[in-house]
Each structure stands twice: as structure tokens, then as C-alpha cells.
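Dear colleague,

Please find below the sequence and the structure that I am handing over to you. My findings follow directly after them.

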Amino acid sequence: MLPTTPSQTVGPFYTLGLCREPAHELIPPSDPSAISLGGRLLDGEGEPIDGVIEIWDHVARRWGRSGTDGHGRFAFTIGKPGRAGDDAARLDVYVFARGLLKHQLTRIYFPDERAANAADPVLSALDTADRATLIARADGDGLRFDIRMQGEGATVFFAV
Amino acid sequence: MAGSRATLEQAIDTEVTLDWPDYRSTRLRAPKRPLVPLPERFRDLEGPVFGEDALDALDADLTQHGDGEPLGERIVVRGRVLDVGGRPIRGALVEVWQANAAGRYRHERDQHPAPLDPNFTGGGRCITDAEGRYRFVTVKPGAYPWGNHENAWRPAHIHFSLFGRAFVQRLVTQMYFPGDPLFEFDPIFQSVRDPQARELLVANFDLDVTQPEWALGYTWDVVLGAMGSNSTPLDPD
């Protein structure tokens, strides 16, 4: 078995390679089912992080990427993901940033899926506070999902 | 013997140390709590696939993105993208970005007082062929100072972003050049604690890849595994 190549930080200048063209619309905003999904990437003191977020809808096979702005804000246009088996609808999320030597894996679940979320084998295995860090909240017509790397309300990150 | 070689390879610890005080900005950004393990079935989850149609033919030649040729030492960087079983990963999107030959990024936040090169933007991409091969033409990036500590300099490097077949094979890393005297002083390189694992980040100078009268050649293979471990191979497709 070959040893895997180690990870290194994405650094501060990732836009040169990763944001050559916009990739934050998983479906066109004009689509009637389009949902705005926004949030902030925050450090252990609540300060904004310069980083990049990638999301993956494995059911519809739709992928997107958004860098954060000076306020740590990222923004996507998504379609609501479908369900697969016993798993609640979700997006798989990678977080990359300067100061983060390896990308981190988290998930976005949906607030209008209470029954499915309660039955989801991954979500239901977490305690209430941790579970709450993975469920987007309604924000006007769209959804809001903040990612906190550390501290009070720190987002749950996963290993596979 | 193949068996003893495999044992040696498994002994390499390829994990970076996330909470690494020598790299100052990890302090408030590295997660402090243990990662929550996902069921093994998520290792097989497929990731996004990017088609050739997403690319421009010149995307892999970073010396062709301006009106003229960039300054610096022209180089070819090529290699293979493999899984932990040594199988080539075809159709993998490889994205790269780097400083110019003077050690300056074309980015508003790079304040290093080294010249920008009007003929070098420093971003490129390609998709691996049926044998998992990628190839870029570029100029060798310069070393540059950064604010991490007194007299801090990054060794010359090219940033690499790769997508494998499986979602968990995603990797963002940096490729370094052999024999760089800055290795021992760089906390980012040193965040990989196992010296044998650090060697996996260093390209090889390769005279066979060098093109006479034109460009020096380097080879660098990348092995993609699962998140948070380099334990068991992914199922072959």
C-alpha cells in the first residue's frame, strides 16, 4: 500500500487556482426551486476566516465552491438535495483555509426535515448541541449555515 | 521483498499536525475537538467528476497566459495521480497556483515588494489521462517572506488541488523542489512530522523530463487516500 501524500494549507492566495471562474451556483438562480444558502466561516474568537467552502450534493451530483469575502461570508445557490436510503437530505462540505493544514469535512442538514433528521444515523448519534451545529436555519427566503472552527458552538467535523 | 517494503510504507505517518503552534494562524483555526468518525460506507461515496470540456487547451501551460513569456526558469512538472493501491486515477481534476519567479503572487493581499510579472498569472489546471498522468509547463516559483515569525520565508512551492474518484480522496497540498535550504525553517512543511512523509511533498529533478534547450523537468506523483487516515484501500471501481 502506498503512503498518501500529506495535506498542506490552501494558503491565502487560493483564488488564483481555485476561483478562476464562479462555481457557487449548483443550479441557476432563475430555477423556481433555487435556494440561497449563505453563511460565515469563523475562527475560535468569532473573527472571519479567509477560506474556501466546497459543497457536494451526492444524490443529484451537483458540486459548488465559494471563497469567503472579508467578512468570512460564503454564498451558494442550491437545489434541495434528495434523500438516499435512511440518510436525511444533506450536503457534504469541505472547509479549506489559511491556518488550516488539512481541509475539514462537515455536513449541512435541512431545518424542514425534522423526522428524517431525527432518524438519520449520523445526526442522531450526536448530542443535541452538536446536532444543532449541522442543521441550517431559515433566513428570510433562504438558508443560513455558519461554520465555527473552534470554541462555543464549534461545528462538528468528521473523519472517514 | 515486497512484504517488507509494504510494512515500511505503512510505518510512514503522513498526517499533518493540525494544531501546530509553530504555524501561528493554526491557533484559532484548527479544530480542537476530536473528529467524529463516519460509518465506513461513506468512504465509497463518489465525488464530483469534471469533464475535459471544462478546460481550455492552454490551461496547463502557465507560460502562455500573457501577451509574452514570463520571466524565470521554465520548467515542466509532471507526474501521476494514484490511489493507495497504486492504481492510476484517470479523469482527476488537478488545479495549481503559485508565485512568480520573483516570489510574488498576483493577488491583492500579497504585499511582498518583489516585482509582478505582466506575463504571469500563476494559475493552471488539467485533467489526468487514462494512466493518471498530469503535466504542467510553468516557471519555477521564487521563495518569499511571510509574517509568521521573524525572518520567515516559505520554500519555493506550487499549490496543488486534486479530486479523486471518491469524495474522501480530495486533497489540497503543496509541491516543493528538491534540496531547498528553507525546508528546516518552514513550519508549514514541518507540520508533517515524519521526515519520510515530508519527502512525499518534494518533487524529483528528472533529466528525462527535462527538454533540451528549453525547460528543466520535475516529476511528482500524488497518492490520494481517505480523510483522516491512510489505513485501508478504497474499493476498486
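Which residue of chain A stands opposite B:Pro37 in E1(B)? The residue is A:Ala159. Please bear in mind throughout that this is a predicted model.

**The contact between the chains**

The contact as a whole takes 48 residues from chain A and 67 residues from chain B. On the side of chain B that touches chain A, at least two residues each come from helix H1 (2–10) and from strands E1 (36–37), E3 (93–98), E8 (157–162), E9 (171–176) and E12 (222–224). E9(B) gives the most to this side, namely four residues.

**Chain B as a whole**

Chain B contains twelve strands and three helices. Its radius of gyration is 18 Å, close to the 18 Å that the globule rule gives for 237 residues, so chain B is as compact as a globular protein of that length. The C-alpha trace of chain B spans about 50 × 45 × 35 Å along its principal axes. Buried residues make up 40% of the 237 residues of chain B. Among contacts in chain B with a separation of 6 or more, 72% are between residues 24 or more positions apart.

**Strand pairing in chain B**

Four strands of chain B form an open sheet in the order E4-E3-E8-E9, with antiparallel pairing. Its edge strands are E4 (123–127) and E9, each of which pairs on one side only. From one strand to the next, the twist averages 25°. Within this sheet, E3(B) and E4(B) run antiparallel and are joined by five bridges. B:Trp97 stands opposite B:Gly123 in E4(B). E9(B), an edge strand here, is also the element that gives the most to the side of chain B that touches chain A.

Strand E11 of chain B, residues 216–219, has pairings of its own to report. Strand E2 of chain B, residues 74–83, runs parallel to E11(B), and four bridges join the two. In this pairing B:Val76 stands opposite B:Gly217. Strand E10 of chain B, residues 204–205, runs antiparallel to E11(B) and is joined to E11(B) by two bridges. There the bridge partner of B:Phe205 is B:Tyr218.

**The nonpolar core**

The largest nonpolar core holds 97 residues, of which B:Val81, B:Val94 and B:Leu162 touch the most other members. The largest share of this core comes from strand E5 of chain A, residues 90–97, which supplies five residues. Neighbours within four places in sequence aside, the contacts of B:Val81 include B:Val94 and B:Leu162, along with B:Pro88, B:Ile89, B:Ala92 and B:Tyr134. B:Val81 is also in contact with B:Val222 and B:Leu224.

**Individual residues**

Is A:Phe74 buried or exposed? A:Phe74 is buried, because 25 other C-beta atoms lie within 10 Å and the threshold for a buried residue is 20 or more. A:Phe74 is placed in strand E4 of chain A, residues 73–78. Although A:Phe74 and A:Gly39 are 35 residues apart along the chain, their C-alpha atoms are separated by 5.6 Å. Not counting residues up to four places away in sequence, A:Phe74 touches A:Gly38, A:Gly39, A:Leu41, A:Ile53, A:Ser66 and A:Thr68.

B:Gly51, in the loop between E1 and E2 of chain B, is exposed, with 9 other C-beta atoms within 10 Å. The C-alpha atoms of B:Gly51 and B:Ile127 are separated by 7.9 Å, and the two residues are 76 residues apart along the chain.

Two residues other than glycine have a positive phi. A:Arg61 has a phi of about 55° and is found in the loop between strand E2 (51–57) and strand E3 (62–67) of chain A. A:Arg61 is exposed, with 11 other C-beta atoms within 10 Å. For B:Glu213, phi is near 65°, and the residue lies in the loop between E10 and E11 of chain B. B:Glu213 counts as exposed, with 4 C-beta neighbours inside 10 Å.

With kind regards

Methods:
Residues numbered from 1 in each chain as written. Chains lettered and ligands numbered in written order. Predicted model: local features only at pLDDT ≥ 70, side-chain atom pairs only at ≥ 80, totals over all residues. Contact = placed C-beta atoms within 7 Å. Pairing = 2+ DSSP bridges. Rg over C-alpha atoms; globule rule 2.2 N^0.38 Å. Buried ≥ 20, exposed ≤ 12 C-beta atoms within 10 Å, placed from the backbone. Core = buried A, V, L, I, M, F, W, Y, C linked by C-beta atoms within 7 Å. Axes fitted to C-alpha atoms, helices over the stretch in contact; angles between N-to-C directions.
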